Amino acid sequence: MGFLAKYIKTYWKSFSIAVLFLTIEAICDLLQPTVIAIIIDKGVANRDMDYVLKMGGVMLLITAIGAGAASTRSIMASIVSQNFGTELRSDLFKKIQSLAFRNLDKFDRASLVTRMTNDVTQVQIFVNGLMRIFVKAPLLAIGGLIMATRLNLHLAVVLAVVVPIVAVLIIFNLKLGFPRFTKVQQALDRVNGVMREYLSGVRVVKAFNRFDVEVAKFSTENEHFKEESVAANRLMAVFSPAIMLTVNLGIVVVLWLGGLGVNNGTIQVGHVIAFINYMTQILFSLMMISMVFTMFVRAKASAGRIGEVFAEENQLAWKDDVKSQPEEKGRIDFEHVSFSYDAAGGEPVLKDIHLSILPGETVGIIGSTGSGKTTLVGLIPRFYDVTGGTMKVDGEDVKHVNPKRLRDKIAFVPQRNVLFTGTVAENIRWGKEDATQEEIETAAAMACADFIESSPEGYQTRIGQGGVNFSGGQKQRLSIARALVKQPEILILDDSTSAVDVATEAKMKAALKKYANGLTTIIIAQRISSIIDADKIVVLDRGEIAGIGTHGELITDCLVYQEIYRSQMGQEAL
Amino acid sequence: MTKANEQRTTTPPGPPPLRPGGAHHRGPVVKPRNFKATLKRLWEYFGRERKMLTLIFLFILIDSVIVLMNPYLIGKAVDAMSLKPGKVDFNFLEIMIIILGAAYLADAVLNFLQGWLMAGVAQRIVKGLRDSLFKKLQKLPVSFFDSRTHGELMSRLSNDVDNVSNSISQSTTQLMSGVIVIAGSLVMMIILSPILTLASMITVPLVFLLTRTIAKRTSVLFKNQQMQLGKLNGHIEETISGIEVVKAFNHEDKVIEEFEEVNTKLREVGLKAQIWSGFLMPIMNVINNLGFTVVAIVGGLLAVKGHITVGAIASFITYSRQFVRPLNDLANIFNILQSGVAGAERVFDIIDEQEEPVDVSHAVQLVNPRGHVVFDNVSFGYRDDVPILKNVSFEAAIGTSIALVGPTGAGKTTIVNLLTRFYDVTGGRILLDGRDIRNYTRDSLRRCFGFVLQDTYLFSGTIKENIKYGKPDATDEEVKAAAVMAGADLFIKRLPKQYETVLAENGGNLSQGERQLLAIARVMLAKPSLLILDEATSSIDTRTELHIQKALLSLMKDRTSFIIAHRLNTIRDADCIMVIDHGEIIETGSHKELMAKKARYYEMFSSQFKNAGA
């Protein structure tokens, strides 16, 4: 959890001030029962009204000081915890954005989001709690013990018995409770799992009429969850009254001993009342401490998860930006490139890829699922670094190039449509921040996104989260428009026309040819028809190049290509 | 647990209750639409638990009375020490102490019983609620699932149900005991001394005024904070799940900038909300102590005149504390209850959803149909104002294959949805073996269809269990035979545990092609009379498709089949091809016939194979 050091350095002063005020507040709280005891013993018992008034004033003063301290502490705590939370969240976000895919792949995306949201909040709440009550509880417990003991040593014997018993009860409570609640959480996860599965597969369930099985599966998990929760809650039902009873019986004993003391004249009545007050105060503090433990465990787990992200180091390195003007813009060379996702000698996804793509060329990549097409193009913008061989763009080894500068030249349309909340125009403008309306419209026209103009709000149409209000084909065309507005040197389309019908795709390609001359284009496709007129077609098979050439060349001498062609065009097509 | 105890301990003036988080992190309260009606319905829903709940409430009632008596008893015990200075009335003290001890013991036992029983009751209620929700989901039409996101439904099943459980087990008991303690304390205070009661009431309006002033400010701030938090979380979700694009477009700095903007706003609002709500407790403390001082002064005066004993003053202070404290908590508890009721309302919303209509009374079981399908003037729209299919009529002879082609949104999938009664026609009728499909039971009708969809759905479990999904009593031999026929056996055998391989959620550890082969094996084993292939191979590369195509062909043999496909080559062997556009059939015929016609199908086909020499 070393990442916290930075924040400790920034905030320890404010934190200490908050804790100082917290201590003042606790002392004021602790003084109150004593003052009350004095008021009763000296004022009320002696019918001394002046004294009551005077001590009443003292008491109000103490309360006011306490309130002042509490308010200051509250303001300090709010400032520290809010600033800390904001900064931590911001640092984590920057860290995530700065990481390479090889780092990011270690985490589930959903889990990264949870770390950013829940875990940060969890830690923030704990830090805030530290300055509000978590430090105060032990202060009050210890202070209460001291004050009570000072008040009367004989009565304090009761505390010496009660406090350890309560402490043992709390420890048992935690020891037995934690694993129970972990089990409850696991059971709940399983209930949710069955649920999620049912929701995703509802058509299949309906088609096969398997309601009874699903209901039975759910019922079993639900029953299990119920059992675990009942067991956990019943355990809690034992401890809470037990702790209360211990302290309350202590009060009864104090009353009896107090009675004896008053009779001897060794104890004053007010002291007995004050002592009982301190006992309840100590009880509350002890309860609070057990709560602090729970919070601490939770916050620690969260901090651990955040720490994992901070511990990642971006493995992409580059030399100082050399502003060399490349001779050939848009040239790509794969020189005996191999790659595996597990850097440490894992199963290679690409093997000895040797391939040159010349400026202005259109290259099609085809091959079955898992043959390494997406991985291959992912190397060009340095989403990943090669594990063997050299990857060159514009004649420069990409390992020496700042990824930012590299990616500026490249426009990438991913397989999965990713659109962001905002208007259509804002989304297209992602490609080029200062794009004029005209540029946007040109890009949209090239991408055949004519549906934009026919919609009532046109380019100002809002896109919901994930683009829910657009069809797959429309989202793909928006993604393409976003890439085109960038006016890149290199355009990569990763199977990004699968939901666009064939006629539209043909129109799009014609538009590209016309407007974007000189643009190096790489198209991954499932359909041969999408790439049939490419300058070069690369056939990938199990991470290796099975053939490079034009359609005419491949159809005669590449077996894999022939097979693909046959599967799409029918047997007699050859 | 402290919350429940706060009201129970005998607490003469002391520090305010300590609660982690407490008021400081509470978001805005979600208010139910109809609080009373939902609460009443919830009560009725509890059914057989009602007796148990009544018993628990009885325990709470008795316990609250005991808790109320305790300060009085302590006061009496103190009186036993202080009535005559220096002389303690031990007989009286002894009696008081025994009574007090017994009261504490009874309090603990009642508390324990109440907690123990409540744990069972609350969880049973929640389990029942979950079960009936899930059962309800089985009866809902597909349209229900199509119109809601999974996240939304998941949150109803887990968050909302949890909310109901919390409000039952926590807030109801706390609310009850809180009300009793407040009322009881007031009564005890009046009994002890009406004058002192009046004196201590001076602070009550102050407390109300303060709480309202601060609450007014903070509720707006908290709402605002929640809004900013939602915005921020949305931004995080979007930029992290779409990080490929962020990086590809070098937009890291821009998204960080956007993030900072919302994050800073959140900090500002959060800070204000926290500071304001942080004032509440300290000020309350001052007011309470002010009240105490007034009581001490007035009490002192009364004691001087001999109107009241010292013990009575001590108990009075305790009661006035008890009176104020739950008052603060009650508002909090009421909020929890409200959000619980709002959760219950959302749960009931689903329970009230319209179910798939029950089968007509004269519906018959459909067994082994021959597969003669007729669409007779069928019209349909998911919404009344947007017709999807308009007067569609066609006939599928027994054992033939019908291909549906046409642009996205033309209504191809709708035809399939109607055939299987995921939706019912709004006009016309569909006949299967000469009988309106609405006259068959829905279950038996669907059982006759086999589906291979674009998104295969596999359940967590072993490969074997997944293949057996449509026929749970199948033997291992049958499973293997089906897998061999589907061409899935080859890859299954390569897996380390073969048929016993456990699949991750939705078969995440298999490739798309392998998943599709499993789905086909599943249908193969179920041996349906009719077959529906909805874009069954569109997400698979064409080489894998070759294998699957073979499997599909053997599946289609002698079965009336409906095929929807983007790639036209996959359907050229169909007996009959129907071109659908804008909800109407515009062309029908075999591949050859339609090609010869040189109309729409010809256009679509040749554009797909343009330049390909087909």
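Biologist: What is the hand of the crossing of H2(A) and H10(B)?

Modeller: In this predicted model, the crossing of H2(A) and H10(B) is right-handed, a name used where the near helix is turned clockwise from the far one.

Biologist: Why are H2(A) and H10(B) called roughly antiparallel to each other?

Modeller: The axes of H2(A), residues 49-98 of chain A, and H10(B), residues 252-304 of chain B, cross at roughly 165° and come within 8 Å. Angles over 145 degrees count as roughly antiparallel, and H2(A) and H10(B) are therefore given that name.

Biologist: Turning to the strands of chain A, what makes strand E9 largely enclosed by the rest of the structure?

Modeller: Five of the five residues of E9(A), residues 490-494, are buried, so the strand is largely enclosed. To count as buried, a residue needs 20 or more other C-beta atoms within 10 Å of its own.

Biologist: How do you know that both faces of E9(A) are covered?

Modeller: In a regular strand the side chains alternate between the two faces of the sheet. On one side of E9(A) lie Ile490(A), Ile492(A) and Asp494(A), on the other Leu491(A) and Leu493(A), and all of these residues are buried.

Biologist: How do you know that E9(A) pairs with E6(A), and in which sense?

Modeller: The pairing asks for at least two bridges, whereas E6(A), residues 410-413, and E9(A) have four, in the parallel sense.

Biologist: How many bridges join E9(A) to E10(A)?

Modeller: Five bridges join E9(A) to E10(A), residues 520-524, and these two strands run parallel; opposite Leu493(A) stands Ile523(A) of E10(A).

Biologist: What makes E6 and E12 of chain A edge strands?

Modeller: The open sheet has six strands in the order E6-E9-E10-E3-E11-E12 (chain A). E6(A) and E12(A), residues 544-549, each have a single partner strand, so one side of each is left without a neighbour in the sheet. From one strand to the next the twist averages 15°.

Biologist: In which sense do E11(A) and E12(A) pair?

Modeller: E11(A), residues 536-541, pairs with E12(A) over five bridges in the antiparallel sense, with Val539(A) opposite Gly547(A) of E12(A). E9(A) and E10(A), by contrast, run parallel, and the pairing in the sheet is called mixed.

Biologist: Which strands does helix H15 of chain A lie across?

Modeller: Helix H15(A), residues 472-484, lies across E6 and E9 of chain A and runs at about 175° to E6(A).

Biologist: Which residues of the largest nonpolar core touch the most other members?

Modeller: Among its 239 residues, those with the most contacts to other members are Val272(A), Phe275(A), Ala447(A), Ala481(A), Ile492(A) and Ala77(B). Helix H4 of chain B, residues 90-139, gives the most to this core, with 18 residues. Apart from it lies another core of 69 residues, among them Leu389(B), Ala483(B), Leu518(B) and Ile520(B).

Biologist: In chain B, what makes strand E9 mostly covered?

Modeller: Five of the five residues of E9(B), residues 530-534, are buried, with Leu530(B), Ile532(B) and Asp534(B) on one side and Leu531(B) and Leu533(B) on the other. E9(B) pairs in the parallel sense with E6(B), residues 449-453, over five bridges, and Phe449(B) has Leu530(B) as its bridge partner in E9(B). E9(B) also pairs in the parallel sense with E10(B), residues 560-564, over five bridges, and there Leu533(B) stands opposite Ile563(B).

Methods:
Residues are numbered from 1 along each chain as its sequence is written. Chains are lettered from A and ligands numbered from 1 in the order in which they are written. This is a predicted model: local features need pLDDT of at least 70, side-chain atom pairs count only at pLDDT 80 or more; totals for chains, interfaces and linings use all residues. A residue is buried if 20 or more other C-beta atoms lie within 10 Å of its own, exposed if 12 or fewer, and partly exposed in between; C-beta atoms are placed from the backbone. Axes are lines fitted to C-alpha atoms, for helices over the stretch in contact, and angles run from 0 to 180 degrees between N-to-C directions. Two residues are in contact if their C-beta atoms, placed from the backbone, lie within 7 Å. A nonpolar core is a set of buried Ala, Val, Leu, Ile, Met, Phe, Trp, Tyr and Cys residues joined through C-beta atoms within 7 Å. Angles under 35 degrees count as roughly parallel, over 145 as roughly antiparallel, 65 to 115 as roughly perpendicular and the rest as oblique.
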